[in-house]
Amino acid sequence: MKKKVGWILTLMVFVLVGCTSKNVGYAIAESMNTDDLRTILIDSSITPNVGILDTESLKDVYEELAFEIDSFNHELQLLESDDLDEFEGELFQEVFAALAIYTQTIVDLMDQDTAFNAYYLGDDRDMESIYGISVLVFSKPINLDSELVEFMNELAKEEIGEAVYVNDKILVIAESDYISDIDQFLILAEQAVTKHVKAS
């Protein structure tokens with residue numbers, strides 16, 4: 001079961017597109033690409049690059065992830081109580097329930113705003129997938145429960161899921177096994193977003 005948990009979480013990779021036009025999201029990603037970021041990269045050999053994500057491919061990733069987590073939650077419901085106790089059942093169910101709500105919320109945001117833009121800051125040596133940080137810019141304020149965001153960031157400190165920063169119409173996401181310090185990531189995201197939201 002633990003292997004399956006890891007397999008599901010590896011679906012959180014992002015698909016690349018290459019283009020060079022800039023807007024607020026691109027500028028935010030560029031502003032985060034600092035020496036301070038490089039000090040918290042788990043893989044110090046990575047030189048993060050900034051680019052544009054294909055929104056349809058990104059949405060496909062989250063839809064697949066939401067489906068897999070929902071399927072896994074269904075399997076959890078079928079387990080006997082003794083099996084759940086072996087895996088600290090209540091906590092395990094709480095974690096996957098939160099992941100399910102989070103991923104479905106992201107899918108819903110993308111469904112409701114087909115004009116959203118997405119950018120990456122990360123390792124793009126593999127042209128089939130982007131590993132790192134994503135900046136999503138929506139046309140309307142993001143309605144993401146603050147307690148859910150806080151819980152996701154606590155999970156990210158255990159290298160589960162994604163770290164999340166939300167400010168108005170902007171969502172900054174970091175894969176939890178990409179960075180070693182979630183709090184520092186949140187500081188960097190807040191500084192970059194605040195700078196460019198005010199500037200725009």
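Among contacts in the protein chain between residues at least 6 apart in sequence, what percentage join residues at least 24 apart? The proportion is 76%, where a contact means heavy atoms within 4.5 Å.

The model is predicted, so local features need pLDDT of at least 70 and side-chain atom pairs count only at pLDDT 80 or more, while totals for chains, interfaces and linings use all residues. Residues are numbered from 1 along each chain as its sequence is written, and side-chain values use heavy atoms, with hydrogens and water left out.

The protein chain contains eight helices and five strands; these are DSSP runs numbered from the N terminus, helices being H or I of at least four residues and strands E of at least two. Along the sequence their pattern is α-α-α-β-α-α-α-β-β-α-β-β-α. Of the 200 residues in the protein chain, 48% are buried. Here buried means under 20% relative accessible area, exposed over 50%, and partly exposed in between, with a 1.4 Å probe and protein chains only.

The five strands form an open sheet in the order β1-β2-β3-β5-β4, with antiparallel pairing. Because β1 (49-52) and β4 (162-167) stand at the edges with a single partner strand each, one side of each is left without a neighbour in the sheet. Two strands count as paired if DSSP finds at least two bridges between them. In general, strands of a sheet pair through backbone hydrogen bonds, either parallel or antiparallel. Within this sheet, five bridges join the antiparallel strands β3 (residues 131-137) and β5 (residues 170-175), and Leu136 stands opposite Leu171 in β5.

Helix α2 (residues 24-32) has several buried residues, including Tyr26, Ile28 and Met32. Asn23 caps the N-terminal end of α2, with a side-chain oxygen 2.9 Å from the backbone nitrogen of Gly25.

The whole structure holds four aromatic pairs; rings of Phe, Tyr and Trp (its six-membered ring) pair if their centres lie within 6.5 Å, and planes under 30 degrees apart count as stacked, over 60 as edge-to-face and the rest as tilted. Phe116 and Phe138 are stacked, at 5.2 Å centre to centre and 20° between the planes. Phe116 lies in the loop between α6 (89-112) and β2 (117-123) and Phe138 in the loop between β3 and α7 (146-156), so the pair ties together parts 22 residues apart in sequence. Phe116 is buried, at 4% relative accessible area, and Phe138 is buried at 5%. Tyr131 and Tyr178 form an edge-to-face pair, 5.1 Å centre to centre with 85° between the planes.

Technical notes: A polar contact is a pair of N or O atoms within 3.5 Å; within protein, one must be able to donate a hydrogen and the other to accept it, and residues adjacent in sequence count only if both atoms are side-chain atoms.
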